[in-house]
Amino acid sequence: YHAIYSIEAAIHSPDLRHTLTEWSAALEPGGIVVLIDDFLSVGVDRDSDPDVELFVKSWLANSVVTTTELAEWSDGMGMALVNDRDLGSEYQVLKRNYRGRRPEVKVQRGLKHQVRCDV
């Protein structure tokens with residue numbers, strides 16, 4: 001392939017490192033992977049931060065990694081992280097969509113996918 005696009009899907013991979021390996025093998029020389037997804041901020045403890053725990057459960061997120069980790073893995077596969085942008089900050093997603101307030105997420109039992117939030 002010349003290009004592989006993954007938009008808000010990689011985080012659901014049970015093993016993102018393996019997924020990247022497979023994508024790398026499928027690319028033609030000079031090919032690109034465009035990955036748009038949620039990433040963990042550097043310095044946030046994925047195992048003890050309650051917000052991360054809620055995010056993981058709400059989105060069935062199997063691969064919560066930092067872009068630094070992604071870059072390290074990519075280097076080992078002959079790929080390189082070319083551009084790392086924080087679109088949420090760049091486009092002020094929370095401010096524009098939630099008026100600067102994080103919406104309250106109500107935990108609901110029995111849902112098979114995302115936790116619904118009433119805003």
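## Close-up views of charged side chains and the strand pair

At 55% relative accessibility, Lys57 counts as exposed, where buried means under 20% relative accessible area, exposed over 50% and partly exposed in between, with a 1.4 Å probe and protein chains only. The model is predicted, so that local features need pLDDT of at least 70 and side-chain atom pairs count only at pLDDT 80 or more, whereas totals for chains, interfaces and linings use all residues. Residues are numbered from 1 along each chain as its sequence is written, and side-chain values use heavy atoms, with hydrogens and water left out.

**View A. Glu53 and Lys57 meet through their side chains in a salt bridge (3.1 Å, N to O).** A salt bridge is a side-chain nitrogen of Lys or Arg within 4 Å of a carboxyl oxygen of Asp or Glu, and the structure holds 2 of them. Both Glu53 and Lys57 lie in helix α2, 4 residues apart, about one turn of the helix; helices (H or I, at least four residues) and strands (E, at least two) are DSSP runs, numbered from the N terminus. Glu53 is partly exposed, with a relative accessible area of 43%.

**View B. Arg46 and Glu69 form a salt bridge between their side chains (2.8 Å, N to O).** Arg46 lies in the loop between β2 (32-36) and α2 (50-59) and Glu69 in helix α3 (residues 67-75), so the pair ties together parts that are 23 residues apart in sequence. Arg46 is partly exposed at 32% relative accessibility, and Glu69 is also partly exposed, at 21%.

**View C. Asp37 lies in the loop between β2 and α2.** Asp37 is buried yet has no salt bridge, and the nearest side chain of opposite charge, that of Arg46, is 13 Å away; in this count Lys and Arg are positive and Asp and Glu negative, while His and the chain ends are not counted. The side chain of Asp37 reaches the backbone nitrogen of Ala9 at 3.2 Å and the backbone nitrogen of Ala10 at 2.9 Å. Leaving aside neighbours within four places in sequence, Asp37 is in contact (heavy atoms within 4.5 Å) with Glu8, Ala9, Ala10 and Ile11.

**View D. Strands β1 and β2 pair in the parallel sense over 5 bridges.** Two strands pair if DSSP finds at least two bridges between them, and here the bridge partner of Ala3 in β2 is Ile32. Strand β1 (residues 3-7) has a covered face, Ile4 and Ser6, and an uncovered one, Ala3, Tyr5 and Ile7.

Note on methods
Polar contact = N/O pair within 3.5 Å; in protein donor to acceptor, adjacent residues only side chain to side chain.
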